[in-house]
Amino acid sequence: MSLNETPGANRIHIGFYGKRNSGKSSLINAFTGQQVAIVSDVAGTTTDPVYKPMEVHGIGPCVFIDTAGVDDVGELGKMRVEKTEKAAEKTDIAVLLFSGEEYQAELEWFHYFKEKHTPTLCVLSKADTLTDSDSIAAQLKEETKQEILVISSKSKEDIEKFKEELIRLVPDDYGEETITGALVEEGDLVLLVMPQDIQAPKGRLILPQVQTIRDLLDHKCLVMSCTTDKLEDTLAALARPPKLIITDSQVFRTVYDKKPQESLLTSFSVLFAEYKGDFAYYKESAAAISSLTEESKVLIAECCTHAPLKEDIGREKIPNMLRKRIGAGLTVDIVSGTDFPKDLSNYDLIIQCGACMFNKKYVMTRIERAKEQKVPMSNYGVAIAYLSGILDKISYEFWFYIPKH
């Protein structure tokens, strides 16, 4: 997969924040050399956040987020600010624009990003229109305890300085995490069990499968694949048992019962539990299933937005597995996309999908919200493994980097 084809969820998200007419769109256009965002002297031109995938030398594949003004007003303005707040939850690096002597609103956002440990580049924008930019920058430096970049989007020299500072904020190891971690080494035989059911688009593989295959190829593994019904035939055709079997979570138990004893077993969703989230927390939270009763409430959080499907894993299969174990009275609510509640206190457990469509920053924002409200949160693969009685038998070793060859 080329860099231009990198999925949005795997790109570093760089968000631009500030008041209306503070120069966010102009700065994005000047930096990229393209008319990425609409520019106007009319305050509030940018309404919903605009997500623009880019390839920037020194940064790599990224997504620029142009947001509405944080000072937008009225009922519609409030809705726009809420969209900006959701964009902030996905932001890996924040560019915060200050545009004058009144900057209390921007400082509130600065402290928000600081609390979320989001690297933030503070910019005093439209320097060519300010009479005392140095004095304002000095005041801001005192308030934020960090350097303030004074720029004009009309100056190529200032844009180069901006690019240098932005690159400096990119973590050295960003994008080097691998999906399969320490589970595999060069030359290992890996078998992927991928049922092509109603949820797999005709003629295509789903994103976690594609990304895992690429990850295994980067590790120089030998990769085989089959559907669930061909598992026994595939194993019989192999000269040796696979070092690792990666399966779709919904056939976890079936594959576990048929796999060679020496083969490690995991699932795509379990791998993504750490790649995009916090596996240890998901695993700990899965134990909450044993405490559920028919009076309990469970939230299923799908990251994709799609029309409900027959035998859908999140809307049908997992709720059915839970109710079979706990009772028909169990309440299961379902949300999709970014419709994740701020107040989670009504729930006894949250089960999220593998989150292949979201970047890790956004998934971790959800996890932190659950932790703050003391609500257990697991994911599809981990929960299914627990319900199948094999959570202690699956393999999970993560956070190793792409081997150098």
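Me: Which residue is the bridge partner of Val 190 in β9?

Reply: The bridge partner of Val 190 in β9 is Leu 244. A word on the source: this is a predicted model, in which local features need pLDDT of at least 70 and side-chain atom pairs count only at pLDDT 80 or more, while totals for chains, interfaces and linings use all residues. Residues are numbered from 1 along each chain as its sequence is written, and side-chain values use heavy atoms, with hydrogens and water left out.

Me: What makes strand β7 and strand β9 a pair?

Reply: Two strands pair if DSSP finds at least two bridges between them. Strand β7 (residues 189–193) and strand β9 (residues 244–247) are joined by 4 bridges and run parallel, so they meet the definition. Strands here are DSSP runs of E with at least two residues, helices are runs of H or I with at least four, and both are numbered from the N terminus.

Me: In what order do the strands of the open sheet with parallel pairing stand?

Reply: The order is β8-β7-β9-β10, with 4 strands in the sheet. β8 (222–226) and β10 (264–267) are called edge strands because each pairs on one side only. From one strand to the next, the twist averages 20°. Axes are lines fitted to C-alpha atoms, for helices over the stretch in contact, and angles run from 0 to 180 degrees between N-to-C directions.

Me: Which helices pack on this sheet?

Reply: Helix α6 (residues 207–218) touches β7, β8 and β9, and its direction makes about 175° with that of β7. Helix α9 (residues 268–275) touches β7, β9 and β10, at about 70° to the direction of β10. Contact means heavy atoms within 4.5 Å.

Me: Which strands are the edge strands of the open sheet with mixed pairing?

Reply: That sheet has 6 strands in the order β2-β3-β1-β4-β5-β6. Its edge strands are β2 (50–56) and β6, each pairing on one side only. Within the sheet, strand β1 (residues 12–18) and strand β3 (residues 60–66) run parallel and are joined by 5 bridges; Gly 15 stands opposite Ile 65 in β3. α3 lies across β1, β4 and β5, running at about 165° to β4.

Me: How do you know that the buried residues of α4 line one face of the helix?

Reply: The buried residues of α4 are Ser 133, Ile 136, Ala 137, Leu 140 and Thr 144. Seen down the helix axis, they fall within an arc of 100°, so they line one face. The arc is that of the directions from the helix axis to the C-beta atoms. In general, an α-helix has 3.6 residues a turn, so residues three or four places apart point the same way. The face turned away from the buried side carries the exposed residues Asp 134 and Glu 142. The buried residues pack against β4 (93–98), α3 (104–115), β5 (120–124) and β6 (149–150).

Me: Why is Ser 152 called buried?

Reply: Buried means under 20% relative accessible area, exposed over 50%, and partly exposed in between (1.4 Å probe, protein chains only). Ser 152 has 7% relative accessibility, so it counts as buried. Ser 152 is in the loop between β6 and α5 (156–168).

Me: Why is Asn 21 called partly exposed, and why is Lys 374 called exposed?

Reply: Asn 21 has a relative accessible area of 34%, so it is partly exposed. Lys 374 is at 73% relative accessibility and therefore counts as exposed. Phi is positive in both: near 65° in Asn 21 and about 55° in Lys 374. Most residues other than glycine have a negative phi. Asn 21 is in the loop between β1 and α1 (24–32), and Lys 374 is in the loop between α12 and β14.

Me: What makes β13, helix α12 and β14 a unit, and of which hand?

Reply: β13, helix α12 (residues 360–372) and β14 make a right-handed β-α-β unit. A crossover is right-handed if, with the strands pointing away from the viewer, the path from the first strand over the helix to the second runs clockwise. β13 and strand β14 (residues 377–379) pair in the parallel sense over 3 bridges. Ile 351 has Ser 378 as its bridge partner in β14, and Ile 300 stands opposite Ile 351 in β13.
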